[in-house]
Amino acid sequence: MAPGVPPISGQTASAIADSVRDLVSRGDLAPGAMLPPIRSLATELRVNRNTVAAAYRQLVSAGVAQAGGRRGTTIAEIPDLGAEQLPGADLVDLASGNPDPLLLPDLPTALRRAPYRPTLYGAPAVEPHLMAVAERLFDGHLAAGEAQIVVTHGAVDAVERVLSTCLARGDAVAVEDPCFLASIGTVRLNGYQRIGVPVDEHGMTVAGLHHAIANGGARAVIVTPRSHNPTGVSIDDRRAAQLRSVLAGYPEVLVIEDDYFSLVSSAPYCRVTPESTFNWALVRSVAKFLGPDLRVAMVATNPQTGQLIGARLRAGKTWVSHLLQATAAHLLTDAATVAQLGRARRTYAKRGRILTEALVNKGISPLGAPDGLNLWIDLPDAETVVATVARLSQAGWAVQPGDIFAIDPYHPRHGIRITSATMTGRAATRFAADFADAVT
């Protein structure tokens, strides 16, 4: 055995793989440790090198190891998922991606007013009132009788559960690049391969999606139909039709649409999923407009996928809290809250427009026509991004460097995400002037 490598044993691929897993469990092989070359381990164990190669494939498939091509095979490390950098108290927060707290409903009051009776084991997993609300929210966006509706612990939980019902570890998933951080984390932690699809002013690009499936072998696609985070762009009718045309040629590819900003988006929902797709999900969570602590998402899926998800969220210990479901249902049907959501939609649109116009007046063009809480500005290189963030910080502004949203951290799209959720006209004018100074 190579120096520093604990003894690996076994005469079959499964036995060799089990031996490595035991060494990992005992801590004898740490994350990042290099496994012996296939040829040398085969010689050591007196087995065919194909046996060792098969063992290594099993380890990679199980997520115990990661293949590095000519660099060899190593024990898998815990992924560094990165995090959005929250600003200090002395900086104006244009970085966090958070909604404006003043545009959120009063959750303590809603909890007291929501009709709720103690729920016992054996009750339906989905609160009937919330099911009725969900059916209305999806009405007109799906064919009659096409979907089954389930409720999950928020959008991230929904995406993870849908992926796990349809994919195996090691399968490739196409995601927008730049991408929502939680989606990057979900894909990485579950051992799926990531394939980035570029985003332009109309969302996920057609050529990029086709390449991800036809050349990259993507078996699933996660797409944001509107208010994309981090760029703020939305998919229009024309782009949706083009994406549907690509996906129609690959009906076996799972399609997940994360419509997280649905009720306060100013952009219309344009469905990306074609009728021919076998497995799909349309996810609508409430965290961005009812409050980040209200971990509830309504998910419309094809019946088979819905049944598989529902089996894991059935009446019992794994259901989504009926207290949260009842609160969400109450808020979504409360006249005052519905009116407040309308004000939030108009306010976010106005604030994004104010900031966009102020930047354009300084010769700076954000990507597309931003909707939602954020907008994106492309910059020429990494050095410009770092310098701009630093200069804006010195001027009292916190913004988010775009590299943390990259699918491939070594090849990020150079840019800056700016959160416009609490923007005012005076602040927009000041910020645009400071941004112009920072990039010159």
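The chain splits into domain 1 (13–75), domain 2 (92–100 + 337–439) and domain 3 (106–334), with bounds that come from an automatic or database domain assignment. Between the centres of domain 1 and domain 3, taken over C-alpha atoms, there are 37 Å. Keep in mind that this is a predicted model, where local features need pLDDT of at least 70 and side-chain atom pairs count only at pLDDT 80 or more, while totals for chains, interfaces and linings use all residues. Residues are numbered from 1 along each chain as its sequence is written, and side-chain values use heavy atoms, with hydrogens and water left out.

Start with the eight-stranded open sheet, whose order is E4-E11-E10-E9-E8-E5-E6-E7 with mixed pairing. Helices (H or I, at least four residues) and strands (E, at least two) are DSSP runs, numbered from the N terminus, and two strands pair if DSSP finds at least two bridges between them. E4 and strand E7 (203–204) stand at the edges with a single partner strand each, so one side of each has no neighbour in the sheet. E7 runs antiparallel to E6, joined to it by two bridges, and Asp 200 stands opposite Gly 203 in E7. Helix H8 (residues 206–214) lies across E5, E6, E7 and E8, at about 165° to E6. Contact here means heavy atoms within 4.5 Å; axes are lines fitted to C-alpha atoms, for helices over the stretch in contact, and angles run from 0 to 180 degrees between N-to-C directions.

Buried residues in H6 include Ala 155, Val 159, Val 162 and Leu 163, where buried means under 20% relative accessible area, exposed over 50%, and partly exposed in between (1.4 Å probe, protein chains only). In helix H7 (residues 181–189), the buried residues are Leu 181, Ser 183, Ile 184, Gly 185, Thr 186 and Val 187. Their cover includes H6, strand E5 (172–177), strand E6 (193–200) and strand E8 (218–223). After H7 comes Gly 191, with a positive phi near 80°.

What about the cores? A nonpolar core is a set of buried Ala, Val, Leu, Ile, Met, Phe, Trp, Tyr and Cys residues joined through side-chain atoms within 4.5 Å. The largest one has 34 residues, and those with the most contacts inside it are Phe 138, Val 286, Leu 290 and Leu 332. Among the elements that give it two or more residues are helix H5 (128–138), strand E10 (280–285), helix H12 (322–333) and helix H13 (335–361). Domain 2 and domain 3 both give residues to this core, so it lies between them. Leaving aside neighbours within four places in sequence, Leu 332 is in contact with residues including Val 133, Leu 137, Val 286, Leu 290, Val 338 and Leu 341. Apart from this core lies another, of 31 residues, among them Val 162, Ile 222, Ala 297 and Val 299.

Over to a three-stranded open sheet, in the order E12-E15-E14 with antiparallel pairing. Strand E12 (374–378) and strand E14 (400–401) are at its edges, each with a single partner strand, so one side of each is left without a neighbour in the sheet. Five bridges join E12 to strand E15 (residues 415–419), and Asn 374 has Thr 419 in E15 as its bridge partner. Helix H14 (residues 382–394) lies across E14 and E15, at about 35° to E15.

Most residues other than glycine have a negative phi, and most peptide bonds are trans. Asp 177 and Pro 178, though, are joined by a cis peptide bond with omega about 10°, and Pro 178 sits in the loop between E5 and H7. Another cis bond joins Asn 229 and Pro 230, with omega about 25°; Pro 230 is in the loop between E8 and helix H9 (237–248). Ser 227 is in the loop between E8 and H9 too, and has a positive phi of about 55° although it is not a glycine. Is Ser 227 buried or exposed? At 1% relative accessibility, Ser 227 counts as buried. Arg 46, with a positive phi near 60°, is in the loop between helix H2 (38–45) and helix H3 (49–61), and counts as exposed at 77% relative accessibility.
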